[in-house]
Amino acid sequence: MTPDATSSCEYCGLPIVGGGPVTADEPLYCCFGCRFAASVAGQSSDAADASGAQLRLGLAVFFAMNVMVFTMFLWSQPDQVNDATAAVFYDVTRYLCLLFSIPVVLLLGPALVQDAAAGIKTGRLAASLLLIVGVGASLTYSAWSVVQGSGHVYFEVGVMVLVLVTLGRWLEAEGKLRTTRSLRELERLLPDKVRRISGGVIEEVDRSSVCVGERLRILPGERIAIDGRIVRGRATVDEQMVTGESVPVEKDPGQRVYSGTFNLDGELIVEATSTAAEGTWQRLVDTVLQAVGKRNTFQRLADRIAAWLLPLVSVVAVITFGMHAWLGSEAGQPAIARGLLAALAVLVIACPCALGLATPMTLWAAISRAARMQVLFRDGDALSRLASAKVVCFDKTGTLTTGELEVLDRWIAPGVKRRLAEHVVAAIAGRSNHPVARAVADSVIADPVLIDLEVLEESPGRGVAAWCPSLKSQIVFGSWRWLVENECSAAGWLQTPEAMDWDQHALAYLAIGPQVAAVFALRDEIRPEAKAAIDALRNLGLKLRLLTGDRRSRAAWIAAYLGLEYDAELLPNEKLLRVGQLRREFGPVVMVGDGLNDAPALAAADCGIAMGCGADVSRDAAGVCLLGSRLDRIPWSIEMAREASQSLRWNLLWAFGYNAAAVPLAALGIVNPIVAAVAMAASSLLVIANSLRLANAASAEE
């Protein structure tokens with residue numbers, strides 16, 4: 001198996017870039033800490049093996065402590081031992097150090113060797129390989145001294161480095177596991193088994209085996225595992241996990257249900273409309289995992305530095321060894337031993353654990369936290385771009401307003417039969433997904449099939465045009481600007497609705513042939529949380545602007561109520577150009593829209609936020625998707641992104657500063673290898689603790 005961007009650690013669930021299992025059947029782990037932690041937890045073996053792993057760790061600590069005790073006795077040995085009995089005791093103690101070091105190596109060494117072997121297989125220089133060289137050299141030198149009967153021994157250095165490194169990496173693995181807990185909960189939320197109806201018989205099968213068209217039985221109190229359409233039964237369904245809406249929805253036969261939602265009170269027979277791998281919930285999980293797997297700007301920088309850090313550290317270790325060996329012995333310590341210990345300290349203290357964790361830990365914690373708040377980041381760079389935003393632009397319909405338009409009134413031109421106008425508008429408006437078109441189509445009681453339309457053309461944000469063979473006329477529906485572009489003209493009767501006070505409402509026009517046949521007035525309510533969300537964004541120091549294709553009078557009323565600057569009557573390409581102008585004038589721009597007509601502006605912005613992506617998390621134009629339509633999630637997301645970016649910069653600064661200060665001290669022989677191992681683990685844990693603040697904050701918010 002060759003890991004790719006979608007490969008993830010079997011223990012912590014984090015994506016793996018480079019490295020892989022030694023054999024095809026071996027589970028994939030991101031580090032030997034996760035490999036060891038998985039064995040301790042029994043995740044990749046049975047309970048007996050898990051108990052055995054814990055026993056191995058405990059025994060290794062026991063033997064290492066004994067080595068330390070024996071070493072303390074050897075430290076009391078004078079330069080000249082005149083007493084024969086004392087000399088025997090010292091010699092026996094040296095052999096006991098050797099004897100008790102062997103189990104530590106056998107118990108903890110294999111995981112280190114496996115990690116190094118995975119690195120060699122993929123052609124990368126792993127820190128584990130350097131540790132093996134350093135620890136192996138110190139133990140080999142000590143064993144040779146014991147056999148020769150003279151010279152210093154440093155068994156305590158080798159075994160304590162093994163113990164401390166293993167414990168440190170294990171704690172790192174547990175820290176990574178905590179940051180990905182939300183992601184793992186997402187994956188495990190759906191039931192593994194479903195009730196499939198086949199030939200009148202209900203059988204329990206794996207969710208992954210369900211095919212499109214098969215029927216499933218879903219009982220009250222069960223989570224829906226597959227996207228489908230209700231064939232029989234009625235129920236109230238809690239869709240909060242998918243859409244973010246807190247109010248349960250009543251579902252009737254013919255309506256769709258989504259995987260990840262919860263059946264509250266009714267038995268349903270559902271026909272599957274997708275497989276388990278293609279369902280709404282799996283696409284939602286894949287979106288989050290893809291964001292975790294993509295390397296953001298800071299992470300790519302850390303990866304590049306880590307790539308040359310290990311070779312550089314190797315060179316420094318070799319120079320350190322040579323320098324100390326050339327300078328000669330000190331305080332009775334052989335020159336070669338002094339050089340060996342200094343080189344080992346360099347290798348241990350410069351192990352790039354903190355650097356490797358600095359960016360991904362913060363990224364994983366932030367994305368996991370956001371996912372629990374129904375905010376999906378499609379990539380890591382979206383987090384940093386959101387944090388640096390200076391301007392936030394809003395679409396109007398479906399973003400600042402509810403998007404649920406209602407037709408308040410309509411006017412039919414003199415000489416046009418009302419029934420004909422209703423059939424025509426039902427046919428042409430029903431072809432569009434725009435909220436205005438949907439509202440108008442829903443407001444008329446007519447059969448759209450009765451009117452045949454050809455050569456359909458839809459212009460985003462403007463309207464729809466088609467040819468009607470039965471009427472031998474062009475049919476145009478949309479804004480007044482769209483009708484003018486299609487050479488439709490107004491009649492005197494239009495002065496009546498235009499003269500009325502419709503400044504706070506939208507108008508949609510229907511033309512049959514060159515003349516306007518009907519006008520529809522619609523109303524769209526401002527979201528109740530819009531005012532508070534706008535005020536929160538303003539308090540964050542952001543410049544706010546409304547970009548809409550609606551009439552200037554309607555935009556002015558909403559902008560005045562919310563305290564926004566605005567640009568009105570913009571086509572989609574004009575919104576895109578306005579976003580570019582704002583970026584040049586003020587800095588990075590965030591665009592908030594519904595992900596449909598606003599796709600060009602969402603893509604052009606430094607960071608696009610698409611509203612209401614619960615049932616469609618594949619909106620590629622946006623870097624951030626809100627499962628629901630709660631505007632208060634936008635200031636929350638920006639504030640969280642700023643907090644994450646600050647934590648990320650602090651982690652990187654610490655990782656760089658730690659290595660810059662510690663490596664010279666180790667090279668000068670000031671830092672003992674055991675102290676270096678403690679410092680390396682402490683540095684990594686400090687980075688983890690700082691990152692976990694983001695993950696822990698999510699629990700408090702919930």
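Reply: In the hairpin of strand 16 and strand 17, with 2 residues between the strands, G513 takes a positive phi near 75 degrees. Strands here are DSSP E runs of at least two residues, and helices are H or I runs of at least four residues, both numbered from the N terminus.

Me: What kind of model is this, and how are residues numbered?

Reply: This is a predicted model, in which local features need pLDDT of at least 70, side-chain atom pairs count only at pLDDT 80 or more, and totals for chains, interfaces and linings use all residues. Residues are numbered from 1 along each chain as its sequence is written, and side-chain values use heavy atoms, with hydrogens and water left out.

Me: How many bridges pair strand 16 with strand 17?

Reply: Strand 16 (residues 506-512) pairs with strand 17 in the antiparallel sense over 7 bridges; pairing requires that DSSP finds at least two bridges between two strands. A508 stands opposite F520 in strand 17.

Me: Which residue of strand 17 does I412 stand opposite?

Reply: I412 stands opposite A518. Strand 12 (residues 406-412) and strand 17 run antiparallel and are joined by 6 bridges.

Me: Why is strand 17 largely enclosed by the rest of the structure?

Reply: Strand 17 (residues 515-523) is largely enclosed because 7 of its 9 residues are buried. Buried means under 20% relative accessible area, exposed over 50%, and partly exposed in between (1.4 Å probe, protein chains only).

Me: Turning to the open sheet, what is the order of its strands?

Reply: The 6 strands have the order 2-1-3-9-4-7, with antiparallel pairing. Strand 2 (201-206) and strand 7 (256-257) are the edge strands, each pairing on one side only. Strand 1 (residues 193-198) is joined to strand 2 by 6 antiparallel bridges, and K193 has D206 in strand 2 as its bridge partner.

Me: Where is L694, and is it buried or exposed?

Reply: L694 lies in helix 23 (residues 673-701) and counts as buried because its relative accessibility is 2%. Beyond its neighbours within four places in sequence, L694 is in contact (heavy atoms within 4.5 Å) with T362, A365, A366, R369, E643 and A644. The C-alpha atoms of L694 and A365 are separated by 5.9 Å, although the two residues are 329 apart along the chain.

Me: What does R545 touch?

Reply: R545, in strand 18 (residues 543-547), is buried at 10% relative accessible area. Not counting residues up to four places away in sequence, R545 touches V392, C393, F394, E565, Y566, D567, R578 and L582.
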